[in-house]
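Let's walk through this structure together with some questions and answers. Keep the 3D view open and follow along.

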Amino acid sequence: MYYEKKSNKVSFLAIPSPSKPTLHLHNEIEILINMHQDAKTYVYINSKKYLLNYEDAIIIMPGQIHTTEPIHEGLFLLFTFPAEYIPRLCNFLQNKVPENPVFNLRETDTHHILYEFWTLHDKVCKMEQPHIASSLIIGYMNVILSQLCYKLKFTDISTDISICNRVIKHLSENYTENVTLTELSKKMNISPTAISKIFNSSTGITIPSFINWLRVSAAADMLTSTKDNITEISGKVGFGTIRNFNRSFLEIFGVTPSNYRELHK
């Protein structure tokens, strides 16, 4: 399981099949839509299995652990965006989850919105001004989410999930610092033992492992996008020693940082 820190917070993809990644989570809302009659995929959210048939879609909320298992290729639309970009619904979306995350486009009256967007997808993908493309995507997502909040049944997220999401948010914003369990305990006003137990049971990994994931993922981006040397990158992402960095990177990616850079030239 890994945390996906998105460099492009608003994105839209038209793909023949959802990829089959390991279990992962992120701070953005994700909507996956099946637009082809022959296409099918399973989606797993927090260990529950859902089937996506033609004109079905699924909404994945921030902090939910998920992955996909494609069955038949076709055409899928994938939107990701932060809840903060939907200001009027932000608080609702960060504190609620749908009882059933799968919805049918026609039953929720969202099909006409999606098909209208689909007629513009070429223009969106080719726009030279990313901020305009993002604004257009968010505009359509505002309308769709308003409709879903009206049509679907939502429940409050559990206290444990709320705590876990807060921890994830804090760590994703401060992973380069020396974050301690004591600091987290004071910030969340919860005992260190309780925070560790809640986080482990919600994500399946420990807090130190999650911090390493964040640091190594950021380092991998820097290895391919900058000319900084490996020691500099190690320090920038928060590792105290180059030895710990090399060991963590090898454990997560299966190759050393230098080999990773060479493979991604």
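Q: Among contacts in the chain between residues at least 6 apart in sequence, what percentage join residues at least 24 apart?
A: Bear in mind that this is a predicted model. Take the contacts between residues at least 6 apart in sequence, then keep those that link residues at least 24 apart. That share is 69%.

Q: What part of the accessible surface of the chain belongs to carbon and sulfur atoms?
A: Start with the inside: buried residues make up 46% of the 265 residues. The accessible surface comes to about 13800 Å². The part belonging to carbon and sulfur atoms is 50%.

Q: Are α5 and α7 roughly parallel or roughly perpendicular to each other?
A: Helix α5 covers residues 159-174, and its axis lies 9 Å from that of α7. The two pack at an angle of about 95 degrees. Angles of 65 to 115 degrees fall in one class, so α5 and α7 are roughly perpendicular.

Q: How many charged residues are there in the contact of α5 with α7?
A: On the α5 side you'll find D160, I161, I163, C164, V167 and I168, and they meet I195, I198, F199, S202 and T203 of α7. Sorting these residues gives eight nonpolar and two polar. The number of charged ones is one.

Q: Which residues in α7 does α6 meet?
A: Helix α6 (residues 181-188) packs against α7 (residues 192-203) at an angle of about 95 degrees, so these helices are roughly perpendicular to each other. The contact divides into five nonpolar residues, two polar and no charged. From α6 come L181, L184, S185 and M188, and in α7 they meet P192, I195 and S196.

Q: Is N189 buried or exposed?
A: Look in the loop between α6 and α7 to find N189. This residue has a positive phi of about 60 degrees, although it is not a glycine. Its relative accessibility is 71%, and the cut-off is over 50%, so N189 counts as exposed.

Q: Where does D109 lie, and what is its relative accessibility?
A: D109 isn't a glycine, yet it has a positive phi of about 60 degrees. You'll find D109 in the loop between β11 (102-104) and α2 (111-118). D109 counts as partly exposed, with a relative accessibility of 33%.

Q: How many Å apart in space are E69 and P18, C-alpha to C-alpha?
A: E69 sits in strand β8, which covers residues 66-72. E69 is partly exposed, with a relative accessible area of 28%. In sequence, E69 and P18 are 51 residues apart. In space, C-alpha to C-alpha, they are 7.8 Å apart.

Q: Which residues does S234 touch, not counting residues up to four places away in sequence?
A: Find S234 in helix α9 (residues 230-236). Its relative accessibility is 2%, so S234 counts as buried. Leaving out residues up to four places away in sequence, S234 touches F239, T241, I242 and F245.

Conventions. Residues are numbered from 1 along each chain as its sequence is written. This is a predicted model: local features need pLDDT of at least 70, side-chain atom pairs count only at pLDDT 80 or more; totals for chains, interfaces and linings use all residues. Side-chain values use heavy atoms; hydrogens and water are left out. Axes are lines fitted to C-alpha atoms, for helices over the stretch in contact, and angles run from 0 to 180 degrees between N-to-C directions. Helices (H or I, at least four residues) and strands (E, at least two) are DSSP runs, numbered from the N terminus. Angles under 35 degrees count as roughly parallel, over 145 as roughly antiparallel, 65 to 115 as roughly perpendicular and the rest as oblique. Contact means heavy atoms within 4.5 Å. Ala, Val, Leu, Ile, Met, Phe, Trp, Tyr, Cys and Pro count as nonpolar, Asp, Glu, Lys and Arg as charged, and the others, Gly among them, as polar. Buried means under 20% relative accessible area, exposed over 50%, partly exposed in between (1.4 Å probe, protein chains only). Accessible areas come from the Shrake-Rupley method with a 1.4 Å probe; for residues, only the protein chains shown count as cover.
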